[in-house]
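Here is a short briefing on one protein model and its ligands. Keep the sequence and the 3D view open while you read.

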Amino acid sequence: MPYWRLSEMIPKLRDLSSRLSRPSPSGEATSFILSSLKAQKRKILLGLLSLIAADLLALVPPWITKDAIDLISARGNLSQILPLASLILALALFQACFRFLWRTALFGVARNLECDLRGKLLDHLLKLDTPFYARHTVGDLMSRCSNDLVAIQEMVAFAGLLIVDSSITIGSCIALMLLISAKLTLVALIPLPFLSLVFMHLGKKVKMRSLEVQRELASLTELVQETISGVKVVKTYTMEELRLNAYEEACSRYMESQMGLAGTRGAFYGLLGFITALASVIVLGTGGKAVAQGELTLGEFVGFSAYLAMLSWPMMSLGFMTNLIQRSRASWQRVREILDSHPIMPRGYLPLKGLSMDVEFRDVSFKYPDSASWAIEGVSLTWPEGAVVGITGPVGSGKSTLLSLAARIHDPDRGKILLGGVDLKELKLEELRKRIAMVEQEPFLFSETIEENLFPWDGKPPRSYLEDLAKMTALWRDISAFPNGWETIVGERGVTLSGGQRQRLALARALAMNPSILLLDDPFSHLDPETESAILDYILTAFKGRTIVLVSQRLSTLSRAHWVIVMDKGRVSEEGEPRELLKGGSYLRDLAIRQEILEVFGG
Ligand code: ADP
Ligand code: MG
């Protein structure tokens, strides 16, 4: 393209890029991608210019060869060939440099974008709240964060590249062919309509088969993941053979789908090759005749054939690109669903400073999404600052839900929960989370060391502080017995620890937060009564004056509370001092009879 044309285009390109960089109305995700690309615009420009340079340089050697052949056949003199050969070599060297530049620049841009997107995705996922996670499985989110991101990265790396590369190569090759012989060019392009037929027919098939491969791969991965996560169950119930058979079946389905894809792709590329060969044969016949009749020089014929051969790669890459674009569009859609989701729970803006830590449930009802019945219904209660509150009741009566409402893992559907007289929804969520610690029934540990699990925050405290916490939770003896002590890695989700050790580690982690309100969801269920009682002694002394809410089914634990609340079917069925409830109530009395320690309380 002449220089003046290029200079005409630059303002247009600028206009286009300014339109691209404006935040798109289609959402945060698109504008994030555009801003990441905009930050790399120099690299993109460098990559594209190098690509164009490499493509244009590739066009020169066939032209030189053409002239060289004509020179030889006209004069039979080889002396002028040497400079031409050196020129070809020099051009090849430049081309190699430009290739290196565009590859590193454009692939680098795509990798940077992938990296930015990965960070953005996790950052965004961490901002989303419980209702979002109720709608998505871990496997699904994982595949969006891995496979789908890679597909987007490949799309950015290749699509732009292939579009520019193909259009330059196709455009300029055809132009040069026309320059050599318009007639021969028209003849060579006869098979072109067949090409579009192949694209239309097999292109669709390739897309369908690739989707099938993605689906089979997903189910294969899920099977492996589940088998490994549930390896204990698999072994205890001797399900190894069964899982293996299922795996082999999934493998052969995956293999079949891959072979199907390979077959379709093979036919696709085979036909493309055949059509290109057909074009060469036509050119050979027609061009050979033209050379014989003196309408075309031998050099022109050779040059023409070289340009025709150069066309076959961009033609094939068009097929590859169609495939890539189809796949990555689906992936982009899936990633956008995450990035365009927003937290549903309001974040609050009031600081907690100066508030009393009295918790009040005011006629609270809550239903899990997709659940037909209320998990908590019309609950009104108070946990005064500094009180030790026991919560008990049958399985499924709403005890855990009550605690997670107080910790604002969920928001009530009706009624209000107040802290120091202020609705939880109006308080700054980050501050609230720092003041309320909850130990769940099945606590989650990270596959890191015991020390990192106990104190996962910044600014490591002295070991003596951690030792105190470990002693308080009766964990110290266990840690000392591990060969690696504090450095023991707890395995995924803490599998290398016993249930009781996991519970105590999670309890120590909650205590390390130094919270104002401690919510303990049956944290001693795996412990013997003596250990439980010792830990409780420590906590009640060390956290005197703070609110402690204890879910438990053990009378020995409940008897330490100032106040006990009995839950039944999402409602408060009884409440009072433990001694009163033991005398007058029914649930605690039943518990006592069942635990055969009624005499301890003198009831
Ligand atoms: P408890 O801790 O007293 O055993 P929960 O608070 O765990 O009771 O559960 C109260 C009710 O809510 C039960 O009927 C239970 O089936 C239901 N529930 C608990 N968790 C969920 C959940 N994540 N999704 C749907 N329903 C739930
Ligand atoms: Mg529970």
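The side chain of T185 reaches the backbone oxygen of S181 at 2.6 Å, a polar contact (a pair of N or O atoms within 3.5 Å; within protein, one must be able to donate a hydrogen and the other to accept it, and residues adjacent in sequence count only if both atoms are side-chain atoms). T185 sits in helix α9 (residues 182-188). T185 counts as buried, because its relative accessibility is 1% (buried means under 20% relative accessible area, exposed over 50%, partly exposed in between; 1.4 Å probe, protein chains only).

This is a predicted model, in which local features need pLDDT of at least 70, side-chain atom pairs count only at pLDDT 80 or more, and totals for chains, interfaces and linings use all residues. Residues are numbered from 1 along each chain as its sequence is written, chains are lettered from A and ligands numbered from 1 in the order in which they are written, and side-chain values use heavy atoms, with hydrogens and water left out.

**Domains**

- The domain assignment gives domain 1 (26-339) and domain 2 (359-601); such bounds come from an automatic or database assignment.
- Between the C-alpha centres of domain 1 and domain 2 there are 56 Å.

**Ligand 1**

- Ligand 1 is surrounded by Y368, A375, P394, V395, G396, S397, G398, K399, S400 and T401 (a residue is near a molecule if one of its heavy atoms lies within 4 Å of it).
- That shell divides into four nonpolar, five polar and one charged residue (Ala, Val, Leu, Ile, Met, Phe, Trp, Tyr, Cys and Pro count as nonpolar, Asp, Glu, Lys and Arg as charged, and the others, Gly among them, as polar).
- The side chain of T401 places an N or O atom 2.4 Å from an oxygen atom of ligand 1.
- For the side chain of S400, the distance to an oxygen atom of ligand 1 is 2.7 Å.
- G398 uses a backbone N or O atom, 3.0 Å from an oxygen atom of ligand 1.
- On its own, ligand 1 has 550 Å² of accessible area, and the protein covers 57% of that (Shrake-Rupley method with a 1.4 Å probe).

- Helices (H or I, at least four residues) and strands (E, at least two) are DSSP runs, numbered from the N terminus.
- S400 is partly exposed, at 28% relative accessibility. Q441 is partly exposed too, at 39%.

**Sequence and space**

- M345 lies in the loop between α13 (298-339) and β1 (359-366). M345 is buried, because its relative accessible area is 9%.
- M345 and T130 are 215 residues apart in sequence, yet 8.6 Å apart in space, C-alpha to C-alpha.
- E222 lies in helix α10 (residues 192-229) and is partly exposed, at 47%.
- E222 and A277 are 55 residues apart along the chain, with 45 Å between their C-alpha atoms.

**Positive phi**

- A474 is not a glycine, but has a positive phi of about 55°. A474 is in the loop between α17 (463-472) and α18 (476-481).
- N514, also a residue other than glycine, has a positive phi near 55°. Its loop runs between α19 (499-512) and β7 (517-521).
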